[in-house]
Every structure is written in C-alpha cells, then in structure tokens.
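Please walk through the model below, region by region, with the sequence alongside.

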Amino acid sequence: MIYNILWSDKSFGGAEIYVRKMKTQLGIEFIALKNSTFKEKLSLLKLLLDRKNQFIFHDSRASLLSLTRFYLFKDVCVLHGPGKHAKLNEFLFRFMACYLKKVVLVSGSIFNRLFSSGFIVIENESSLISQANYHSQDAIYFGRLEQSKNVDALCDFWSRFDGKGVLHLVGDGRLLNVLKSQYEGSDKIIFYGAKTHIEIEKIILKCSFYISLSAREGKSLALQEAMSCGLLPIVTDIPSQHYLQAKYDLKLVDHDLVNTLVTLAHFKNYTESQRATLGHKIKANNSQAAEGAWKHNWLALLDS
C-alpha cells in the first residue's frame, strides 16, 4: 500500500490540497499527524515498520518520519516550499535524497539548483474549474489564514486602499477569528472560513483578481488554481513568481510589501477590456502548460 503522510489535515494549505488531489486522482490515502491519538500513532508505527508499504512524506515535519525507513530506499518526500528555515530545509532534504527514492519539489525555484539525481520537479497543476468576472474589481485569497502568509498585512492594506472592490478571504487558520473581529462590519472584506472547491468556484465568479502577499512559496497551488480560472494575480516578488513579470509584464509586490498600495492602484486602473484580455491569456497559457502532466509524472515515479 502507498500512503501520504502530512502534518495537518486542514482544508487549506498546499500540502493539504495536494494530498486530497492524490487521493482523488491516484487513489492514495493520507494520514495526518497533528491531533492524532495515541492509538492512531501506534497504527502508523505499524504501517511504517511494514516493509511492503510505501510512503510519500510531505514537508519537513512529516518527512522526519522517513528516517525510520532509511534502509528501504523506496519512499518519497515532497517539499511544497522553501519554508521558514530555508537553509535548514536545504540541508535536511539533501541528506534525505541519499536514502529516499526521490525528493519531489513542486517548483524548481525552491532551491537554486537540483543537487543530485535524487531530486525531481513535479509542478503543481490546478483542479479548479471556474471563470473570473472581469466586470468586477473584487479580489479573492484562498489558503491558510496565518501570519506566515501575511494575511493580516493583506487585510490592513486592503482596508486602507482607496479603491473599489471587495476582498473575499477563503480559508481557515489561527488568524480567522482575530481578523473577523477586527474587521467586523467592514464592507470591504468578507470572511468565508473553509470552503469546498465547488464553493470556491462560485466565489471566483464574483472576482477579477487573486491576491496573496505571502513571501514564502514554492509553486503556489492556490496561484496555479487562480490562474487556471483567469484571475489576474497580485502577488509578491519572490523567485517562484518572477515568471509572471517576465511572461505577462505583471507588476509584483515588493518582498517587504512597501509598494503594496501602489501595486493595488496599478491593477485597479486596468479597464474591464484590459482585465479580460490579460485574464483570458493567463487562463489559456496555464491550461496548456501542464495539462495531465502532474498525474502522468506521479504515476511514472511510483511505477519506477
């Protein structure tokens, strides 16, 4: 049997969405470590000790469990982003590549280079089906509502921005109740909490933009899903997102966020026609780039 192992099982977050997609498309079950009971931990230990099983460990915390099976050379680790401690992650995964079948990166920009044949890039691929609304000036963020994603800064900038449009915040996290309380009664920000893909698709129908001020991303799955729906991305200037400037001449938010209000004003000055032209181009390019590749690459890796 093959199992995905990850830390959290919340509805939002790159790893959480990723393993649910692997379950739907590849039939691979997942086990979450956070909040698991003692009995569940014992069951997992039995699975880990069974040489017949194969595991896909996600990100650094779950990947540490791969050390219990270092002698089998059959498991896989997936790194979804550089993480808070990028240098430590680089050292850790270079070490793990010595005894794992492969270390999978969701973007080639997570590290400056692939250090050995033990590394492979399998880029994220969207599974959302919706269409941006270019009559609107609304924006959507979907993902974890955490300080590490700069969601508090996003709300602050949006509330101070003198322009049209509502910010639709979809997702759960430690900041949800804090921010809901802080912006209660605001007509500029709507908090939805966790929603299913089908529910997110309906909210996207109200929006023209996807916005995220996160400064630490691999190849953001939320960004890929947003672009597959034709949403115009307002995101930060980090290595994994540089291509947006090169390919579409999009203005990016500085890493330190100092030009956030200027960038918002830049995007809001687009006419409806300009939004539609650019959005349709982004959607078409995003659909062609990786259609079917994600599933094919994973099947090839697991069968090798």
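F55 has a relative accessibility of 0% and therefore counts as buried, where buried means under 20% relative accessible area, exposed over 50% and partly exposed in between, with a 1.4 Å probe and protein chains only. F57, also at 0% relative accessibility, counts as buried. This is a predicted model, in which local features need pLDDT of at least 70 and side-chain atom pairs count only at pLDDT 80 or more, while totals for chains, interfaces and linings use all residues. Residues are numbered from 1 along each chain as its sequence is written, and side-chain values use heavy atoms, with hydrogens and water left out.

The whole structure contains 9 aromatic pairs. Because the ring centres of F55 and F57 are 5.7 Å apart and the planes meet at 20 degrees, this pair is stacked. Rings of Phe, Tyr and Trp (its six-membered ring) pair if their centres lie within 6.5 Å; planes under 30 degrees apart count as stacked, over 60 as edge-to-face and the rest as tilted. Y3 joins F55 and F57 in a cluster linked by ring pairs.

F57 is also one of the residues touched by S63, along with H58, C77, F93 and M96, not counting residues up to four places away in sequence; contact means heavy atoms within 4.5 Å. S63 is in helix α3 (residues 59-63). Helices (H or I, at least four residues) and strands (E, at least two) are DSSP runs, numbered from the N terminus. With 0% relative accessibility, S63 counts as buried. Its side chain reaches the backbone oxygen of D59 at 2.6 Å; a polar contact is a pair of N or O atoms within 3.5 Å, and within protein one must be able to donate a hydrogen and the other to accept it, while residues adjacent in sequence count only if both atoms are side-chain atoms. Between S63 and F93 there are 30 residues in sequence and 8.9 Å in space, C-alpha to C-alpha.

C77, a contact of S63, is buried at 0% relative accessibility. The structure holds 0 disulfides, a disulfide being a pair of cysteine sulfur atoms within 2.5 Å.

Next comes helix α10 (residues 260-268), where T263 lies. T263 is buried, at 0% relative accessibility, and its side chain reaches the backbone oxygen of N259 at 2.8 Å. Leaving out residues up to four places away in sequence, T263 touches I234, K251, L252 and V253. F267 counts as buried at 0% relative accessibility, as does F209 with a relative accessible area of 0%. F209 and F267 form an edge-to-face aromatic pair, 6.1 Å centre to centre with 85 degrees between the planes. This pair links distant parts of the chain, since F209 is in strand β10 (residues 209-211) and F267 is in helix α10, 58 residues apart.

Helix α7 (residues 197-204) has I200, E201, I203 and I204 as its buried residues. They are on the same side of α7 because they cover an arc of only 160 degrees around the axis, the arc being that of the directions from the helix axis to the C-beta atoms. I198 and K202 are exposed on the other side of α7. The cover over the buried residues of α7 includes β7 (139-142), β8 (167-170) and β9 (189-193).
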